[in-house]
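This report is for a reader who is new to the structure. Please look through the sequence and the model below before reading on.

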Amino acid sequence: MAAQGRRKVIITCAVTGSIHTPTMSPHLPITPDEIAEASIAAAREGAAIIHLHARQPSDGRPSADAQLFRAFIRKINDSCDAVLNVSTGGSSLMTLDARLAPARALKPEMCSLNMGSMNFGIFPMLEKYGAWKHDWEPALLQATRRTVFQNSFDDIEMILADIGKGGGAKFEFECYDVGQVELLAFYLRKGLVEPPLYVQFVLGVLGGAGASVENLVHLKGTADRLLGDAYQFSVLAAGGRQMAIATAGAIMGGNVRVGLEDNLTISPGVLATSNAQQVAKMRRILDELGLDVASADEARAMLKLKGRGAIGF
Ligand code: KMH
Ligand code: ZN
């Protein structure tokens with residue numbers, strides 16, 4: 001039972017993403033069944049929000065096939081009450097139309113929304129592996145040297161109108177640097193976004209702000225100044241600083257995101273065996289800090305989501 005006065009912290013688990021590849025970990029969920037099982041187990045450990053991408057079952061490459069999403073999202077929704085958050089970022093190599101197909105088809109309670117165009121470099125991971133299971137893996141990493149992850153003003157405004165106003169989704173506003181927080185504030189002033197805004201500070205992506213507490217303090221300071229009480233925040237760090245930086249975020253009054261999308265390890269140099277293992281670790285940390293884990297329905301109330309009754313799957 002929750003102790004009195006303890007703040008509720010939302011744990012998001014991003015279970016597979018489009019950054020890591022099958023060679024990097026045997027524990028990365030690939031098939032719809034694996035993605036569903038990983039999500040349900042993460043929710044059981046305390047993840048209130050599950051952030052979802054799909055992969056081609058045959059070889060694990062990132063996919064935005066709405067049918068693949070449908071195959072796992074229904075199963076997850078039948079087995080737990082977690083908020084299901086459909087990525088609109090897809091992979092930086094997909095067209096915008098492809099990226100938006102799952103959100104358009106499924107009308108989820110939440111979607112990600114990336115707040116700017118940027119270099120999104122995952123090519124440094126090429127050095128870590130000698131042999132690859134599939135040819136597409138090194139090709140994808142290499143391609144991020146020359147591909148811009150495009151999220152233009154027009155793109156963002158179209159997503160706000162189409163998936164937000166039209167579909168009723170609330171957003172996980174992914175902000176990789178302070179300029180993207182400034183842009184969110186611009187849209188708040190223009191009335192294109194409505195409180196409560198859920199800002200995900202994304203640290204540690206090459207091309208965005210690095211995974212340091214100093215950067216997090218600056219991002220939060222900027223958001224406090226520009227968004228005031230119109231926002232709540234969550235923190236994710238890509239790579240091995242995931243737990244430490246998310247913990248800093250929790251201490252600073254925020255929510256947290258873990259999951260194999262962002263980091264494959266459970267401690268330095270040790271692969272996590274599941275998403276649930278990372279959620280359980282984060283839950284223990286929060287407990288030690290005197291913080292409670294928000295249930296899915298508490299997260300729905302905190303973020304004013306439309307509810308499970310209004311989803312399209
Ligand atoms: N992979 C994360 C660094 C999205 O799905 O829209 C950012 C992300 C993007 O989750
Ligand atoms: Zn994602």
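## Ligand surroundings

In this predicted model, a backbone N or O atom of glycine 89 lies 3.3 Å from an oxygen atom of ligand 1. For serine 112 the distance is 2.6 Å, and for glutamate 174 it is 3.4 Å.

Ligand 1 has 15 residues around it. Those that come nearest are His53, Ser87, Ser112, Asn114 and Glu261.

## Helix α1 against helix α2

Helix α1 covers residues 32-45 and helix α2 covers residues 66-79. Their axes are 9 Å apart, and the two helices pack at an angle of about 30°. Angles under 35 degrees count as roughly parallel, so α1 and α2 are described as roughly parallel to each other. The crossing in which α1 passes α2 is right-handed.

On the α1 side, the contact is made by Pro32, Asp33, Ile35, Ala36, Glu37, Ser39 and Ile40. On the α2 side, Leu68, Ala71, Phe72, Lys75, Ile76 and Ser79 take part. Sorted by class, this contact of α1 with α2 contains 8 nonpolar, 2 polar and 3 charged residues.

## Helix α1 against helix α9

Helix α1 also packs with helix α9, which spans residues 275-288. Here the angle is about 15° and the axes are 8 Å apart. This angle too falls in the range under 35 degrees, and α1 and α9 are therefore roughly parallel to each other. Their crossing is right-handed.

The residues of α1 that make this contact are Ala38, Ala41, Ala42 and Glu45. Those of α9 are Asn275, Ala276, Val279, Ala280 and Arg283. By class, the contact of α1 with α9 has 6 nonpolar residues, 1 polar residue and 2 charged residues.

## Backbone details in two loops

Which peptide bond is cis, with omega near -5°? The bond is the one from proline 195 to proline 196. Proline 196 is placed in the loop between α6 (178-190) and β11 (197-203).

Another backbone detail concerns lysine 107. Its phi is near 45°, which is a positive value in a residue other than glycine. Lysine 107 is found in the loop between α3 (96-106) and β7 (110-114).

Note on methods: Residues are numbered from 1 along each chain as its sequence is written. Chains are lettered from A and ligands numbered from 1 in the order in which they are written. This is a predicted model: local features need pLDDT of at least 70, side-chain atom pairs count only at pLDDT 80 or more; totals for chains, interfaces and linings use all residues. Side-chain values use heavy atoms; hydrogens and water are left out. Axes are lines fitted to C-alpha atoms, for helices over the stretch in contact, and angles run from 0 to 180 degrees between N-to-C directions. Helices (H or I, at least four residues) and strands (E, at least two) are DSSP runs, numbered from the N terminus. Angles under 35 degrees count as roughly parallel, over 145 as roughly antiparallel, 65 to 115 as roughly perpendicular and the rest as oblique. A crossing is left-handed if the near helix is turned anticlockwise from the far one by less than a right angle, and right-handed if clockwise. Contact means heavy atoms within 4.5 Å. Ala, Val, Leu, Ile, Met, Phe, Trp, Tyr, Cys and Pro count as nonpolar, Asp, Glu, Lys and Arg as charged, and the others, Gly among them, as polar. A residue is near a molecule or strand if one of its heavy atoms lies within 4 Å of it. A polar contact is a pair of N or O atoms within 3.5 Å; within protein, one must be able to donate a hydrogen and the other to accept it, and residues adjacent in sequence count only if both atoms are side-chain atoms.
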